[in-house]
Each structure stands twice: as C-alpha cells, then as structure tokens.
Amino acid sequence: MKKHIAAFFMAWGMFCAIPCPYRKWDETARGWMLVYLPVVGLILGGIWALLMWGFGALGFIGALAAAVLMAAPYLLTGFIHLDGFMDCCDAILSRRDLAERQRILKDSHVGSFAVICVALLFLGGFAAFCDMDVAASWPAFVLIPAVTRCNAVLAVQRIAPMHTSQYAGGFAKKKTRAQCAVLLVELVLLLAAACCLAACGRIAALLAVILASFVCQACCYGASKNLGGMSGDISGFSITLGELTGVVTMAVLGGII
C-alpha cells in the first residue's frame, strides 16, 4: 500500500502543476507511477468541470470564459503534455528520415511546425468553448482528461519504447501484467461512468469520452510507428489531441443530443 501511495504522489508531482503535498521519490514505485496518471487526470478533470459549472452558474459564458477554459488544462499540467505535442508536431511534419525525426523530437528548439500547430490547437479549443453550452456540458469534462491519460498509459505498456525514451531501459523492466490489468479496469470504470451520463440523457458526453479515447489511442499508435517507438512526448501529443477531440465533440453535439 505504501508503494501505491508513493506512486500516486509521484504521478501528481510529475504531471500536475498543483503543488504536491507529499514529495518523495521511491524508485521501487516507479513502475506503478503511470498507473495513477488517470487518477491525476480525474482530479484535473474535476477542476476543469468545476470551472465550467461555475461559469455556467454565473452566466459568464463569453469569449473570456472560453479563453480561460481553453487554457485551464495546460495551466493545470504545467504545459508538460503540450510540450510533447509541439515536439511531435515538429518531428512528424518534418517528413525526414527516421533518424532525423528522432533527432528533431529531442531538439530543445521550437520549430515552425510546432508554432503553427499549437496556434491551430488553441484556436480550435477556443472556438469550441465559444460555441459550447458550458452549463450543460461540464459533466463530460470530469472524465475526458482521465480517459485520455488511461489510453496513453496503456499504449506505453503495450508499445515498444523508443530507444532514446525515458520509457526504455529500467522503466521497461518494471512493467508488469498487473499494471496493465489495473489500467484496463480504470478504463472500463471510466467508460461505465460515461454510460451513466448517457443514461441520464447526456449522450453527447458518452460520445465525447469514446471519441477522445479512440483518438488518443490512434495517435499513440500512429505517432509511435512514425517515430520508431513510444515516448513521453508521444503520450503528451496523444493526450492533447484526445482532449481536443472531446472538447470539439461536446461543442458540436452537446446542444443536439
């Protein structure tokens, strides 16, 4: 139990910008750290949904509210997943050979593809929140960050890591079937929660969660094939696009079904 508590707080400290109340690195818990990333996502989703509910309750649903809601997940994570998104955009869109794409992925400089893609990402998220009924859509946003992280971690478990990735070496040796089983249970529970929302008349929320899950998983497999293995940057890339898919789905379908 002590190992699992440590793993949860390690995930919190690494993937969340909210100050962690317990900072202690336990190398023996490292293999379980990512298993608790969906739980961190559930916390982040709860805050995101609370912001939406608050804006809806106050009738504060203009462009400024849309800007805050668009920026919230990036601010709450300290931009860690956005950094991976930008790195992957530079590498994948360079259309160079594999060795050069991997070099670009690890390059600390920001290229033009990353700048263009992050501008389109922000524009899409902002436009979606401007068109969304935030007062009715907030329950879906409790689940979207958790389900994307769950799929990204499942991909880490199942896809061979890039040789330069932090998921290679010692981390790969700490992966177990038990961790994969726990992640699958987490995913089933999240999808069951989305089905409960649909049973309450929020069918758009179910579709948003399912599509966010599918896009995240597809991006993990597509990007890892393009870049020669799984990495933390690919996880961030996939989580970011999965969340955007959920946001756009709620904007398009939230007022219809």
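Predicted model: local features only at pLDDT ≥ 70, side-chain atom pairs only at ≥ 80, totals over all residues.

Student: What makes a residue part of the lining of the largest pocket?

Tutor: A lining residue has an atom within 4 Å of a pocket point. The largest pocket has 24 such residues, and F15, I80, Q166, Y167 and G232 lie nearest its centre. The pocket holds about 330 Å³ of space.

Student: Which helices supply at least two residues of that lining?

Tutor: Helix 1 (2–15), helix 2 (30–33), helix 5 (80–93), helix 9 (140–158) and helix 13 (232–253).

Student: How do the lining residues divide by class?

Tutor: The lining has 13 nonpolar, 7 polar and 4 charged residues. Gly counts as polar.

Student: How do you know that helix 12 has close to its expected span?

Tutor: Helix 12 covers residues 203–227, which is 25 residues. The expected span is 1.5 Å times one less than that number. That gives 36 Å, and helix 12 reaches 36 Å from first C-alpha to last. Just after helix 12, G228 takes a positive phi of about 85°.

Student: Why is the set that includes L34 and V40 called a nonpolar core?

Tutor: Because its members are buried nonpolar residues joined through side-chain atoms within 4.5 Å. This largest core has 87 residues; among those with the most contacts inside it are L34, V40, F85 and M250. Helix 9 gives the most to this core, with 12 residues.

Student: What is V40 in contact with, leaving aside neighbours within four places in sequence?

Tutor: V40 is in contact with F8, A11, W12 and C16.

Terms used: Residues numbered from 1 in each chain as written. Heavy atoms only, no water. 1 Å grid on protein atoms, 1.4 Å probe; cavity = no way out; pocket = protein on both sides within 12 Å on 5 of 7 lines; lining within 4 Å. Points joined across faces, edges and corners; volume = space filled by probe spheres on them. Helix = DSSP H or I, 4+ residues; strand = E, 2+ residues; numbered from the N terminus. Buried < 20%, exposed > 50% of the residue type's maximum accessible area, 1.4 Å probe, protein only. Contact = heavy atoms within 4.5 Å.
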